[in-house]
Each structure stands twice: as structure tokens, then as C-alpha cells.
Amino acid sequence: MGACMALCSLASCVSCLCGSAPCLLCGCCPSSNNSTITRLVFSFFLLLGTLVSIIMILPGMETQLRKIPGFCQGGSTIPGVENHVNCDVIVGYKSVYRMCFSMACFFFVFSAIMIRVRTSKDPRATIQNGFWFFKFLILVGITVGAFFIPDGTFNTVWFYFGIVGSFVFILIQLILLIDFAHSWNELWVRNSEEGDSKGWFFGLLFFTVLHYALAFAAVVLFYLYYTQPDGCTEHKVFISLNLIFCIIVSVVSVLPKVQEYSPQSGLLQSSLISLYTMYVTWSAMTNNPNRECNPSLLSLVSNTSSVAEPSPTTTPGTVQWWDAQGIVGLVIFLFCTFYASIRSSSNTQVNKLMQTEEGTGAGTEDKVGEDGLRRVVDNEEDGVSYSYSFFHFHLFLASLYIMMTLTNWYMPDTTTQAMLSSMPAVWVKICSSWLGLVLYLWTLVGPVVLPNRDFS
């Protein structure tokens with residue numbers, strides 16, 4: 001009897017996977033807005049692919065696979081069974097490139113299909129908001145096909161695609177952080193004014209000071225460990241310029257004229273942007289191929305020299321997969337991906353940049369069926385709350401960014417099959433930090449320079 005009830009419950013959820021909309025008639029999903037559920041599920045696809053990539057790149061994975069009898073070419077064998085799997089491709093950076101290539105293709109196709117979808121009544125909205133099981137099968141099929149791509153120049157060409165896409169995605173991350181800081185500041189200020197409590201103001205002050213303290217500590221550590229008295233000129237320039245730029249945007253954010261036109265601006269946003277800028281600066285310096293200017297984290301912790309000559313037996317281009325900046329990058333990536341899926345912001349400038357509508361869908365009442373179960377509400381019948389096409393393009397860029405992060409932005413060398421640090425990665429990150437600061441500065445001075453335009 002219990003098995004029959006379980007089968008019936010499972011059958012009732014089939015419409016969630018194969019239906020024309022995300023659980024509009026399905027009681028197995030929580031009550032929420034149509035737009036939010038769709039973005040969360042697509043983000044889950046991206047996170048699932050990221051998890052698979054992480055597993056594939058784990059140190060020693062290829063060694064473990066070769067121990068499976070009859071699986072890897074050159075590994076353990078079973079009499080009468082030929083090993084067909086090339087484990088050199090399904091693990092390591094090659095697997096990450098192919099996994100992220102498949103996710104990028106998947107999201108790019110959806111981005112092209114969903115151009116100019118205006119309401120959920122558009123037939124293409126049915127594809128966007130439903131048929132999850134079939135979309136998952138499509139993603140799996142693309143992934144399987146990607147692993148049959150021959151090496152050739154694929155890795156090198158896809159590396160440059162990753163460089164460009166990651167540059168744009170870093171800017172999107174910065175925009176999301178600006179939006180998050182604005183929403184955070186508005187919420188706590190409103191809570192303080194409505195509740196007549198100073199605790200919220202002290203909280204804002206605490207986090208503002210904390211962000212600036214961490215950013216300043218980062219600058220000091222950068223000068224200590226990533227520069228040399230008679231060298232590392234690029235690093236000195238990067239650190240100094242970004243420190244100066246962060247001071248400039250912080251001062252501008254509290255100028256009386258700026259506060260008059262943008263009262264929501266403040267030091268909390270500037271402190272968070274400054275801290276993120278220092279992270280990008282650190283991430284860029286860790287890609288410098290000059291080991292005198294780029295000591296490993298292990299050498300810093302153990303206080304040993306990082307510039308010792310490598311032994312003749314050391315393999316060139318050995319990749320340190322799990323370094324600190326990569327882990328921090330993953331954490332920021334996860335936060336921004338989740339935030340992009342649930343955000344409903346009142347910041348008009350950010351909404352225009354992110355192609356979303358102001359507060360659309362907020363405050364929608366729960367829809368309860370005759371059986372008492374809550375339904376997912378279609379809140380886009382009169383107009384979509386976000387650009388379907390831009391959201392998928394954002395996930396397309398995120399796929400490229402996660403590929404570069406997991407491989408430490410190293411350039412594949414097709415002749416030695418090694419991964420090498422490269423200066424292009426350094427300049428891409430530094431230029432993205434500069435452009436990001438310019439964008440943030442424009443959100444501050446734009447309403448002052450162009451008072452006749454609507455920046456509210």
C-alpha cells in the first residue's frame with residue numbers, strides 16, 4: 001500500500017518535469033513565483049555541472065580511475081575485455097573545459113531562443129518555464145558529445161573564449177554586489193527608522209568598518225608578499241592604482257552633491273566594492289608567471305622561499321588546483337548566482353544593466369488549490385520580470401568563468417600537456433577591476449552630471 005501511494009505521489013510530480021510550466025498545476029513544489037522557480041532550477045543545472053567539474057579535477061582522480069579493471073586505457077585490465085576509455089580526457093583540466101563547454105553551449109542556445117520574450121503567454125515561455133526533464137537530457141547529451149571533441153586546438157581556443165567571457169562575468173558580479181549592497185543598506189536603514197532602533201545603524205557601521213579594514217589589510221599583505229624592493233613593478237602599479245581608485249569612489253559616494261541626487265549611496269557600498277576590488281587584484285597577481293612576484297600560499301604559510309630553482313624532475317606547469325583565491329572565487333560565484341536567481345531590486349540603474357523589472361512579482365499572494373496545496377504563481381502574464389535571454393547569457397558567461405576559476409586561469413600548453421600561468425589572465429582581471437570601478441563611479445556621478453535623465 002505504501003509503495004502504491006509513493007508511486008502516485010511520484011506520478012503527481014511528473015508535470016513538474018515534463019509540463020509546459022514550472023509546477024503551475026503541481027503540488028509537489030513550494031509556493032513561489034514562476035520567475036523565481038525557473039531561475040533557481042536553471043542555476044541548479046549550472047551548479048550541478050560545477051560540482052561534476054570539481055569532482056573531475058580532484059587530485060588523484062585519474063589514478064583512482066585507472067585502478068578500475070577494464071575501464072581506462074593503460075590501466076588495470078580484465079582478460080578478454082579491452083579498455084576503451086581515455087581517462088586523460090575525462091579528468092583534469094580537459095574534462096573541466098569540456099564540461100563547461102557543454103554548459104556554455106546549452107545556455108547560449110537558450111539565450112538565442114528566448115530573445116524578445118515579453119510575457120509568459122509567448123509559446124517560447126512554455127519552453128523556458130517547463131520541460132525540465134527533457135532539458136536535463138539535452139544538457140547530458142551535449143556533455144557526452146563534448147567529451148568526443150579531439151584535443152587539437154580546442155583547449156587553446158576555448159581558453160581565449162573563457163578569458164573574454166570571464167572578463168564580462170566579473171563585471172556582472174560587481175554589478176550584483178553593488179545591487180546587493182544597495183538593497184542591504186536600504187533594508188537596514190528602513191528597519192532602523194521604522195523600529196526607532198540604533199542597532200541597525202551600528203550594524204551598518206560595523207560591516208562598513210570591517211570591509212575597509214579587510215581591504216586595507218589586503219593592501220598591506222600585497223605589498224609585503226607580492227612585491228620586491230627592486231622588482232615586481234606591475235604589482236606595485238596594480239596595488240597602488242586600485243588603492244587610489246577605491247579611496248576616490250569612497251570619497252565621491254559621500255559628497256553632498258552626490259547624496260542630494262543619490263541618497264541611497266554610501267560607504268557600505270563603497271567598502272564592499274573596495275574589498276571585492278582587492279580580491280580581484282589578488283586573483284590577478286596569483287596568475288603572474290614570475291614566481292618571485294607570485295609566491296605560493298604554501299610558501300607564505302610555511303615562511304619558506306618561493307623562488308628556489310625547481311628540481312630537474314619537476315614537471316613544468318604543474319597546476320595547484322585548490323589555491324585560496326580559487327576557493328574565494330567559487331564562494332563569490334555561488335553567492336552571485338543564487339542572488340541573481342532571487343533578486344527583486346528597486347535600484348533602477350542596476351535593473352537596466354541586468355535587464356530586470358523593478359520589484360516585479362514581489363508581494364504576490366499564495367495560490368492555493370482545492371486540495372489545500374500551494375501552487376507556483378505565474379507572475380509574468382502581463383510582462384516578464386526579467387529578460388529570459390539575458391539571464392541565460394549571464395549563465396553562459398558564468399560557465400566560462402567557472403572553467404577559468406577551476407583551472408586557475410592557466411593556459412593549456414598543447415605541446416607539453418601542461419598548464420601555464422599567463423600574463424593575459426593578469427591583465428584581464430586588472431582591467432575588469434578598473435572598468436568595474438568606473439561603472440560604480442558612474443552610478444554615483446551619473447545623476448549629478450545628467451540631472452535631466454531619470455536615474456531614480
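Predicted model: local features only at pLDDT ≥ 70, side-chain atom pairs only at ≥ 80, totals over all residues.
## Crossing of α6 and α8

Helix α6 covers residues 92-113 and helix α8 residues 132-146; they pack at an angle of about 135°, with axes 8 Å apart. That makes α6 oblique to α8, where oblique is what remains once angles under 35 degrees (roughly parallel), over 145 (roughly antiparallel) and 65 to 115 (roughly perpendicular) are set aside. Axes are lines fitted to C-alpha atoms over the stretch in contact, and angles run from 0 to 180 degrees between N-to-C directions.

From α6, the residues R98, M99, F101, S102, M103, C105, F106 and F110 meet K135, I138, L139, I142, T143 and A146 of α8.

Buried means under 20% relative accessible area with a 1.4 Å probe, protein chains only.

Beyond its neighbours within four places in sequence, F107 is in contact (heavy atoms within 4.5 Å) with F42, F45, L46, H392, L395, F396 and S399.

## Whole protein

The protein has 18 helices and four strands, taken as DSSP runs (H or I, at least four residues; E, at least two) numbered from the N terminus. Of its 456 residues, 46% count as buried.

## Basis

Residues are numbered from 1 along each chain as its sequence is written, and side-chain values use heavy atoms, leaving out hydrogens and water. Local features need pLDDT of at least 70 and side-chain atom pairs count only at pLDDT 80 or more, while totals for chains, interfaces and linings use all residues.

Technical notes:
Buried < 20%, exposed > 50% of the residue type's maximum accessible area, 1.4 Å probe, protein only.
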